Amino acid sequence: MEYLVLFIFLVFSVSGLFLNIFGLPGNILILVDSILLGWYYNFQVINLKLIVLLILLAVVSEVLEFFLGIIGAKKYKSSNKSVIGSIIGGIIGAIVGAPFFFGIGSVIGAFIGCFIGGFLVEYIMQRQLKQSVKAGWGAFVGRVMGSLAKSIIGIVMIIMVVISVFKVD
């Protein structure tokens with residue numbers, strides 16, 4: 001039974017990592033999943049100290065993703081509207097790409113959609129191709145860096161919980 005519970009934890013946690021790719025709060029899912037696992041173990045394995053640390057990591061990951069996205073976009077002179085366009089484009093790209101490559105196409109579609117969304121909004125606003133390409137690229141780079149940082153923190157959260165589970169004698 002213990003291995004089944006841990007397997008279910010890992011399935012939901014990996015789902016959280018997958019959500020991170022789309023800019024959704026996947027690390028919050030990992031946090032909730034960890035708290036439920038702690039509840040299963042009567043909070044003896046996953047204690048209050050670990051839960052507080054996981055909460056801090058989840059919050060930091062969301063803030064970091066947000067700021068890295070903006071920094072990447074601003075580095076290439078993207079407008080705020082272009083950043084919003086890249087987010088919307090990423091969601092649409094993920095949906096369109098989902099049927100391809102056994103679902104992995106949604107990841108590729110999300111990142112391509114970020115570029116296209118940022119590019120289109122900037123082009124509609126300024127009608128300058130070169131700046132629009134730069135803005136789309138900036139939105140893409142910012143999105144990739146934010147998602148990468150957030151996913152790394154999510155992996156660290158999962159590892160911390162798994163180590164806590166196996167550390168109990």
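Me: In what order do the elements of the protein chain run from the N terminus on?
Reply: They go α-α-α-α-α-α, with six helices and zero strands. Helices here are DSSP runs of H or I with at least four residues, strands are E runs of at least two, and numbering starts at the N terminus. This is a predicted model, where local features need pLDDT of at least 70, side-chain atom pairs count only at pLDDT 80 or more, and totals for chains, interfaces and linings use all residues. Residues are numbered from 1 along each chain as its sequence is written, and side-chain values use heavy atoms, leaving out hydrogens and water.

Me: What box do the C-alpha atoms fill?
Reply: Roughly 65 × 30 × 15 Å, taken along the principal axes.

Me: How much of the chain is buried?
Reply: Buried residues are 44% of the 169. Buried means under 20% relative accessible area, exposed over 50%, and partly exposed in between (1.4 Å probe, protein chains only).

Me: And Leu4, where is that one?
Reply: Leu4 is in helix 1. Leu4 counts as partly exposed because its relative accessibility is 47%.

Me: How far apart are the mean positions of the positive and negative charges?
Reply: They are 21 Å apart, for 11 positive and 6 negative charges. Lys and Arg count as positive, Asp and Glu as negative, while His and the chain ends are not counted. Each charge is placed at NZ of Lys, CZ of Arg, CG of Asp or CD of Glu.
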